[in-house]
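Subject: Handover of a structure

Dear colleague,

Please find below the structure that I am handing over to you.

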Amino acid sequence: MRHILLLGAGFSRNWGGWLASEAFEYLLGCPQVDDSLRTLLLEHKDKGFEAALETLQGQSAGRTDSRLVNLEAALRDIFEVMNRAFSRK
């Protein structure tokens with residue numbers, strides 16, 4: 001018999017993981033996020049920060065975009081914070 005494990009949002013919550021809404025709020029307050037990037041994030045609030053990231057990736061099309069660089073840095077920060085929480089559990 002084959003088994004499938006379905007994981008939903010919040011699966012890692014017990015180990016210090018954040019919900020998407022918490023990650024979004026954290027991003028809005030990150031020092032790498034300026035007013036322009038914050039506006040873009042808020043425009044994509046319903047779909048999440050992933051949609052804003054996708055938009056920037058599409059717009060940059062191989063060019064260096066400081067907003068994309070800054071958003072990626074802020075996302076690395078989020079995952080570093082969560083990884084530290086996971087390592088303590």
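The notes below describe what was found.

This is a predicted model, in which local features need pLDDT of at least 70 and side-chain atom pairs count only at pLDDT 80 or more, while totals for chains, interfaces and linings use all residues. Residues are numbered from 1 along each chain as its sequence is written, and side-chain values use heavy atoms, with hydrogens and water left out.

Overall layout

The protein chain contains 4 helices and 0 strands, where helices (H or I, at least four residues) and strands (E, at least two) are DSSP runs numbered from the N terminus. Along the sequence the pattern reads α-α-α-α. The C-alpha trace spans about 45 × 30 × 25 Å along its principal axes. Of the 89 residues, 31% count as buried; buried means under 20% relative accessible area, exposed over 50%, and partly exposed in between, with a 1.4 Å probe and protein chains only.

The nonpolar core

A nonpolar core is a set of buried Ala, Val, Leu, Ile, Met, Phe, Trp, Tyr and Cys residues joined through side-chain atoms within 4.5 Å. The largest one here has 19 residues, and those with the most contacts inside it are Leu-27, Leu-41, Phe-49, Leu-71 and Leu-75. At least two of its residues come from each of H1 (20-29), H2 (35-43), H3 (49-60) and H4 (66-88), and H4 gives the most, with 6 residues. Beyond its neighbours within four places in sequence, Phe-49 is in contact with Ala-23, Phe-24, Leu-27, Leu-41 and Leu-75; contact means heavy atoms within 4.5 Å.

Packing of H2 and H4

H2 and H4 pack at an angle of about 75 degrees, with their axes 10 Å apart. H2 is therefore roughly perpendicular to H4, a term that covers angles of 65 to 115 degrees. Ser-36, Leu-37, Leu-40 and Leu-41 of H2 meet Arg-67, Asn-70 and Leu-71 of H4 in this contact.

The aromatic pair

The structure holds 1 aromatic pair, meaning rings of Phe, Tyr and Trp (its six-membered ring) with centres within 6.5 Å. Trp-18 and Tyr-26 form this pair, at 4.9 Å centre to centre and 55 degrees between the planes, and the pair is tilted; planes under 30 degrees apart count as stacked, over 60 as edge-to-face and the rest as tilted. Trp-18 counts as partly exposed because its relative accessibility is 24%, and Tyr-26 counts as partly exposed at 31%.

Yours sincerely

Key
Axes are lines fitted to C-alpha atoms, for helices over the stretch in contact, and angles run from 0 to 180 degrees between N-to-C directions. Angles under 35 degrees count as roughly parallel, over 145 as roughly antiparallel, 65 to 115 as roughly perpendicular and the rest as oblique.
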